[in-house]
Amino acid sequence: MCLRPEEWINDGVLNAHVYYLEEKGSGNWYFPTYMAEQVQNTRDGQLFELAVKLRRENTNRFTVGLKKCEKMFIPVFDRIGSHWYLIVVLPSDKKVEIWDSLPGPKYNAGRYQQAERIMKVLDHIYNEEIVNYFEKGWQFAKFNIVRTDKARRQVNGCDCGVFVMNWLQDIECRSHGSNKFQHASERVRIALSLLKNPRNRRLKEVRESARRVVDEQLDKLVEQKDPFIPHHPIARKPITRSQAK
């Protein structure tokens with residue numbers, strides 16, 4: 001329901017999107033929304049304990065080591081501004097990009113601080129790999145944090161989640177037209193892409209349900225001999241059942 005026009009995207013839909021984007025052996029790492037949420041809810045003095053917990057949870061999430069990681073994607077929900085934005089970590093460039101469709105003086109500082117805290121937690125999570133495979137002094141906390149100018153701006157107060165989902169899928173925005181981010185049809189596209197993903201365990205169930213609905217409606221039309229039974233648009237004659245489907 002949250003994919004309807006002008007509704008806010010919730011974390012359940014975003015996490016399903018993240019789950020479908022994960023691929024074994026990929027250098028792109030996608031974190032669920034609760035990673036940033038837990039950092040946000042934890043005091044500075046307890047970040048190490050949080051990192052220990054997150055390290056256990058992420059042990060089997062990524063199948064390649066940190067040395068081969070190309071990008072990290074971390075969706076973040078700003079509770080103060082009620083707004084989704086995306087943090088992209090580029091380990092090889094020692095850079096952190098903030099992709100924000102609705103920046104503002106009131107919120108920018110807090111979003112930078114959140115990025116800094118997440119980098120500290122990443123240092124704790126991957127401390128062993130950092131010590132073993134990177135040069136001395138290499139730290140996420142030392143990365144340069146910038147607000148990218150490639151992020152498109154939303155024109156309403158409800159499409160931030162749509163922007164984040166599109167950036168997760170295509171950070172270079174190669175497949176998105178100028179108005180694709182906030183057109184109502186884009187929400188339909190996202191809903192259908194989630195539904196038809198091969199990893200959707202309920203896909204078969206939904207298809208069977210849709211087929212039953214179509215069969216029931218066609219049976220009613222035939223029984224009623226409705227004069228408005230679909231006709232072929234060119235031949236102007238009744239179409240077959242398979243054509244109607």
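**View A. Leu122 lies within helix H4, residues 108-125.** The model is predicted: local features require a pLDDT of at least 70 and side-chain atom pairs a pLDDT of 80 or more, whereas totals for chains, interfaces and linings use all residues. Residues are numbered from 1 along each chain as its sequence is written, and side-chain values use heavy atoms, without hydrogens or water. Helices (DSSP H or I, at least four residues) and strands (E, at least two) are numbered from the N terminus. With a relative accessible area of 0%, Leu122 is buried; the term applies under 20%, exposed applies over 50%, and partly exposed lies in between, for a 1.4 Å probe and protein chains only. Leaving aside residues up to four places away in sequence, Leu122 touches Phe31, Met35, Met72, Ile74, Val89 and Phe140, a contact being heavy atoms within 4.5 Å. Gln139 is 17 residues from Leu122 along the chain, and the C-alpha atoms of the two are 8.9 Å apart.

**View B. Helix H6 is largely enclosed by the rest of the structure, because nine of its 10 residues are buried.** The buried residues of H6 are Cys160, Gly161, Val162, Phe163, Val164, Met165, Asn166, Trp167 and Leu168. These residues pack against helices H1 and H7 and against strands S1 (28-30), S2 (71-78), S3 and S4.

**View C. Helix H1 (residues 11-21) packs on helix H6 (residues 160-169) at an angle of about 5°, with 10 Å between the axes.** The angle makes H1 roughly parallel to H6; under 35 degrees counts as roughly parallel, over 145 as roughly antiparallel, 65 to 115 as roughly perpendicular, and the rest as oblique. Axes are lines fitted to C-alpha atoms over the stretch in contact, and angles between N-to-C directions run from 0 to 180 degrees. On the H1 side, Val13, Leu14, His17, Val18 and Leu21 meet Val164, Met165, Leu168 and Gln169 of H6. The residues of this contact comprise seven nonpolar, two polar and no charged (nonpolar: Ala, Val, Leu, Ile, Met, Phe, Trp, Tyr, Cys and Pro; charged: Asp, Glu, Lys and Arg; polar: the others, including Gly).

**View D. Arg187 is located in helix H7, residues 184-195.** Arg187 counts as buried, because its relative accessibility is 3%. Its side chain reaches the backbone oxygen of Cys158 at 3.2 Å. Beyond the residues up to four places away in sequence, Arg187 touches Cys2, Leu3, Arg4, Pro5, Glu6, Glu7 and Ile9, and also Cys158, Asp159 and Val162.

**View E. Glu6, a contact partner of Arg187, has a positive phi of about 70° although it is not a glycine.** Most residues other than glycine have a negative phi. Glu6 belongs to the segment before H1. Its relative accessible area is 66%, so Glu6 is exposed.

**View F. Lys94 sits in the loop between strand S3 (83-90) and strand S4 (95-99).** Lys94, a residue other than glycine, has a positive phi near 55°. Lys94 is partly exposed, because its relative accessible area is 38%.

**View G. The protein as a whole has nine helices and five strands.** From the N terminus on, the elements follow the order α-β-α-α-β-β-β-α-α-β-α-α-α-α. Of the 245 residues in the protein, 40% are buried. Among contacts with a separation of 6 or more, 64% are between residues 24 or more positions apart.

Definitions and conventions: Polar contact = N/O pair within 3.5 Å; in protein donor to acceptor, adjacent residues only side chain to side chain.
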